[in-house]
Amino acid sequence: MEPLKYHKGLVYPLNRTNVDTDQIIPKQFLKRIERKGFGQFLFYHWRFHDDGSIREDFSLNDPKYQSASILVGGENFGCGSSREHAPWAIEDYGFRVVIAPSFADIFYNNCFKNGILPIELPNEVVNRMMEKSSSLPYHLEVDLEKQIVSDGESEVSFDIQSYHKEMLLNGWDEIAVTLTYEEEIDQFEKNYEKGVKTLGIS
Amino acid sequence: MSQPQTIVDKIWNKHVIHKEEEKPDLLYIDLHLVHEVTSPQAFEGLRMKQRNVRRPDRTFATMDHNVPTKDRHVIKDLVSKKQMETLKRNCEEFGVRLADIDHPDQGIVHVIGPDLGLTQPGKTIVCGDSHTSTHGAFGALAFGIGTSEVEHVLATQSLWQARPKTLQVHIDGKLGAGVTAKDLILAVIGRYGVRFGTGHVIEYTGEAVRNLSMEERMTVCNMSIEAGARAGLISPDETTVEYLRGKRYVPEGEDFETLAQEWLDLASDEGAVYDQTLHMHADEIEPQVTWGTNPSQCVPVGAKVPDPEAMGADEDVDGVERAIEYMGLQANQSIESIEIEHVFIGSCTNSRLSDLRKAAEIVQGGRVHENVTAIVVPGSKSVKEAAEAEGLDTIFLTAGFEWRDAGCSMCLAMNDDIVPPGERCASTSNRNFEGRQGNGARTHLVSPEMAAAAALEGKFVDVRKYASAVGGG
Ligand code: SF4
């Protein structure tokens, strides 16, 4: 995974609450067995008509957001299914940071495994960002080390678990990290699997 | 005496492999369920790094999301076909037990786990699917994970997890006649919204919950994720023990008795403290119908579609307007005036034998309305066989329903079972998101009984007018 320490980019505001993973990536695109190439299907039914032509009225199709890499969304962003295709699509489209007042748990977790930084900020801060970015080009600087988001005029700090932070800063392969605990897992299993055997799958 | 503990504390403490300040705990995973949609990239990841599946004996796979429910072997969509073949190849290569499309154990992953007795109290259970919360009905800690975590569990049989907060949803009293477990959970989400559970594991308690059968408990826990919760569970009791007795993967004889005692001991202690508690009374719950595009947008069947103009400024007026427009409804329209073209009885929420029985009781002797296409999709092959053994298929077929093979089907419309754009479906599934049952499709979530009644009448009706729904005739 690509490490992420600092990111500066153009903001795209998506002013909707409860954006669910079925909207982020509709199910017909979940059949692929690859991890890449989902960006073209991001928000598919919002971006395209049924015949595949572009919906001019959907903001992400506005040329002014073409190079956006920071998505600002509403409450409960990423609710719904556990499909990691959602962060894959967001990342593949070109977003590295998602800011919202709140996230759904599984989506939030999935972001970190894919080099995306999800940032929770208070409602009024998010609303101000929405407003500013809806008319003129609006850029934000995100410093993960210092846990600060800045638009050049004002700064706001954000919370993040240190484990998640380390993971992104270092671009860790989480499995490799866990495998350094392999002996502990072995030991755990030895103690744990005494007594009645409860699972018979073999 | 030691501090009273919740069931979540007890399960958690038994599964911590490694603990450190400032870090999530490394949690041991007892059972990993796998399906075709969220696993291919995980197996591919293992292959690329030359890693193995650590515990194939704690891993069980099936095919459910993509499988055709009609003409079982005609998979028109080549990409679906490839996904299923990929699962088969991966399971062979990594030694994972697979109930594939031809296997007698095939079915929706959250239906077969409990049915085979793989799902047991006190276990940590994960699956690359958000409705893994279903298994919490047994007093297991069961939650959905993403594909990277699927790979992580395959490789290490563990996950880094922060200890969740706990939330008690306590429901006193008895559910009225004709009011189901589905109505109970819809009413809870209707009142508290789609994110009250975020960051929490919900434990459902109280008389109304205790009185539910195991299959009803699964319906309730299944939809915990629609409240944003990490998981939902119910402390084990005699109902749990009796349901599991004799299941295939559950030990027998003395071993079973030993285990059963351990299970009962897992129940939350008297006086255990939750981070939050919500109360409701069963009397307040009526048969529910969703009118909008998330499960909290629901009302009792006798009520009306809300009016955005009558809403407070602090409410999500935009969201409500958008939902009403997408759903093709009018503000203040009565729910009973909504006509439907499709009925879907199925999904991991409501496709078990008791669900089909209850729907069949309503359907018996009736006829599907001429404007309606109605399908019944049993949750697993074994549910299908059991239903056929008692003649439920005949009741449905005689009334004009289609009787299909097991799978997720129209719950998410990844196979050919799709609601066309602009058409309306009464569905026993769990999500009414935009496009969930097909692009432009309009979904109304209801109980199996309500769906069955809607099929007969071509519109929503209060199922309590059917004697068979309220315990009569
Ligand atoms: S039935 Fe629906 S909700 Fe359940 S696992 Fe299948 S797709 Fe998911």
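The legends below describe close-up views of a predicted model.

Residues are numbered from 1 along each chain as written, and chains are lettered from A and ligands numbered from 1 in written order. Local features need pLDDT of at least 70, side-chain atom pairs count only at pLDDT 80 or more, totals for chains, interfaces and linings use all residues, and side-chain values use heavy atoms, with hydrogens and water left out.

**View 1. The interface of chain B and chain A.** Chain B brings 80 residues to the contact and chain A brings 59 residues. Contact here means heavy atoms within 4.5 Å. The size of an interface is often given as the accessible area lost when the parts come together. Between them, chain B and chain A bury about 5800 Å², with 52% of it on carbon and sulfur atoms. Buried area is the accessible area (1.4 Å probe) that two parts lose on being put together, summed over both. Gln41(B), Arg54(B) and Arg195(B) give 11% of the area that chain B buries against chain A, more than any other three residues.

View 2. The rule finds 13 salt bridges between chain B and chain A. A salt bridge is a side-chain nitrogen of Lys or Arg within 4 Å of a carboxyl oxygen of Asp or Glu. One of the pairs joins Glu182(A) and Arg54(B), at 3.9 Å, N to O. Polar contacts link 40 residue pairs of chain B and chain A, both residues at pLDDT 80 or more. A polar contact is a pair of N or O atoms within 3.5 Å; within protein, one must be able to donate a hydrogen and the other to accept it, and residues adjacent in sequence count only if both atoms are side-chain atoms. Helix α5 (residues 147-156) of chain B supplies seven residues, the largest share of the side of chain B that touches chain A. Helices (H or I, at least four residues) and strands (E, at least two) are DSSP runs, numbered from the N terminus.

**View 3. The three-stranded sheet of chain B.** The strands of this open sheet run in the order β1-β2-β8 (chain B), with antiparallel pairing. Two strands pair if DSSP finds at least two bridges between them. β1 (16-18) and β8 (158-161) of chain B are the edge strands, each with a single partner, so one side of each has no neighbour in the sheet. β1(B) pairs with β2 (residues 25-28) of chain B over two bridges. His18(B) faces Leu26(B) in β2(B).

**View 4. The five-stranded sheet of chain B.** Parallel pairing gives an open sheet in the order β5-β4-β3-β6-β7 (chain B). β5 (97-99) and β7 (141-144) of chain B stand at the edges, each with a single partner strand, so one side of each lacks a neighbour in the sheet. β6 (residues 124-127) of chain B runs parallel to β7(B), joined by four bridges. Cys127(B) has Gly144(B) as its bridge partner in β7(B).

**View 5. A salt bridge within chain A.** Over all chains, the structure holds 50 salt bridges. Arg35(A) and Glu84(A) form a salt bridge through their side chains (3.5 Å, N to O). Arg35(A) lies in the loop between α1 (21-24) and α2 (44-47) of chain A, and Glu84(A) in the loop between β2 (70-73) and α3 (85-93) of chain A, so the pair ties together parts 49 residues apart in sequence.
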